[in-house]
Amino acid sequence: MRMNIVCIPGDGIGPEIVAQANRVLDRVAVKYGHEIERRDILMGGASIDVHGVPLTDEAVAQAKAADAVLMGSIGGDANTSPWYQLPPEKRPEAGLLRIRKELKLFANLRPAYLYQELAGACPLKEEISSAGFDMLIMRELTGGLYFGERHTTVENGVRRAVDTLTYDENEIRRIAVKAFDVARKRRGKVTSVDKANVLDSSRLWRSVVNEVAKAYPDVELSHMLVDNCAMQLVKDPAQFDVILTENMFGDILSDEASMVTGSIGMLSSASLNDTKFGLYEPSHGSAPDIAGRDIANPIATVLSAAMMLRYTFDLDREADAVEQAVRQVLKEGWRTADIMSEGCRLVGCRRMGELLAERI
């Protein structure tokens, strides 16, 4: 297979971690007989420094022409970087918001997986963490409360704010289809999370998800209220496979799920549109304080590349190989500084990338 990938190294540790993800992808291509056509584009602070804007029209066009985008991290220190003296629409994060909109990325996938070798960092009780967990939160990214009509008024001297939560059935159906498709690649279970006991939008959500489920008889569907889901994530996270939910609920629940893993440096993510196209990036930030010191953890970006192999290119065998390489390196005791523990061997970003590639 020929893979056309656009890379956005970004800012801070972004170039370092993307380089190691590409090292692993190159090893996959050699071993399994694929070709990679790769092009870098600027976004965020790196683009501001060169072009004066966080994302150019040319960069958007190049991203649209690719099969997938692999991104590092963007942004800098908001207290010291000159980028944050600019108007909001010209700051680094504006580039990320624009590319999501331009590429029509409505489905956000955030896995939360507990590696037993890192279980000591999990904040949950041992009797809970010992069972392990491997879930994926499928969050609708472009609708709901964050994108509804809003206004603030003053009535009889009292300030009043209104935010509107709206979904139509087509928006719900397309994210539900993504969730069921992904569940087929995992353990075949979808938990749809809503607030159907209170909200009309949630009642429509539940109705449409039930309709979609009829086309997936091999996938188990259950429904859960969002407050109960928040509790279950810390009480029994092992019960979940794919959690499907709307924008605001997904924002909150995915952050909760990331914390119970104990290490944000291990967390990958993907944002997909209604084709196989996706943007893949680690969940962590640009960490400008450690940039250029070869101590960043590239594993989240490597795992994001594995998601790209799985969901854009349907290369499940290759994605499995990357994920197994991560497990093997951790089992052997290799660690970057952020996940270092007693008795393990400390390595830098580049060496971790080399070890992962060697295990493919």
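The model is predicted.

**Entry 1: the sheet**

I began with the sheet. I found 10 strands in an open sheet with mixed pairing. I wrote down the order as E2-E1-E3-E12-E11-E4-E5-E10-E8-E9. Strand E2 (35-40) and strand E9 (220-225) are the edge strands, and each pairs on one side only. The twist averages 25° from one strand to the next.

E9 runs parallel to strand E8 (residues 189-194), and six bridges join them. Here Val193 stands opposite Met224 in E9.

**Entry 2: helices on the sheet**

Which strands does H1 touch? I listed E1, E2, E3 and E12. The direction of H1 makes about 140° with that of E3. Next I took H10. I saw that H10 lies across E1, E3, E4, E5, E11 and E12. It runs at about 160° to E12.

**Entry 3: the hairpin**

I moved to strands E6 (residues 150-155) and E7. They pair in the antiparallel sense over six bridges. Thr153 stands opposite Arg160 in E7. Two residues lie between the strands of this hairpin. In the turn, Asn156 has a positive phi of about 55°.

Why does E7 lie largely in the open? I checked its six residues, 158-163: the number buried is zero, so the strand lies largely in the open.

**Entry 4: helix H12**

I turned to H12 (residues 349-358). Its buried residues are Cys349, Met352, Gly353, Leu355, Leu356 and Ala357. What covers them? I noted helices H1, H10 and H11 and strand E13 (334-335) among the elements that do.

I looked at H11 again. The axes of H11 and H12 come within 8 Å and cross at roughly 120°. The crossing is right-handed. H11 brings Ala325, Val326 and Val329 to the contact, and H12 brings Met352, Leu355 and Leu356. I sorted these residues into six nonpolar, no polar and no charged.

**Entry 5: the cores**

I finished with the nonpolar cores. The largest has 66 residues. Leu109, Met138, Leu244, Tyr280 and Val326 have the most contacts inside it. H10 gives the most to this core, with nine residues.

Leaving aside neighbours within four places in sequence, its contacts include Leu109, Ile175, Val182, Val242 and Leu244. Asn108, Lys178 and Thr245 are also among the contacts of Met138. Another core, of 19 residues, lies apart from the largest one. Among its residues I noted Leu114, Phe133, Val193 and Val260.

Technical notes. Residues numbered from 1 in each chain as written. Predicted model: local features only at pLDDT ≥ 70, side-chain atom pairs only at ≥ 80, totals over all residues. Heavy atoms only, no water. Buried < 20%, exposed > 50% of the residue type's maximum accessible area, 1.4 Å probe, protein only. Helix = DSSP H or I, 4+ residues; strand = E, 2+ residues; numbered from the N terminus. Contact = heavy atoms within 4.5 Å. Pairing = 2+ DSSP bridges. Axes fitted to C-alpha atoms, helices over the stretch in contact; angles between N-to-C directions. Left-handed = near helix turned anticlockwise from the far one by under 90°. Nonpolar A, V, L, I, M, F, W, Y, C, P; charged D, E, K, R; others polar. Core = buried A, V, L, I, M, F, W, Y, C linked by side-chain atoms within 4.5 Å.
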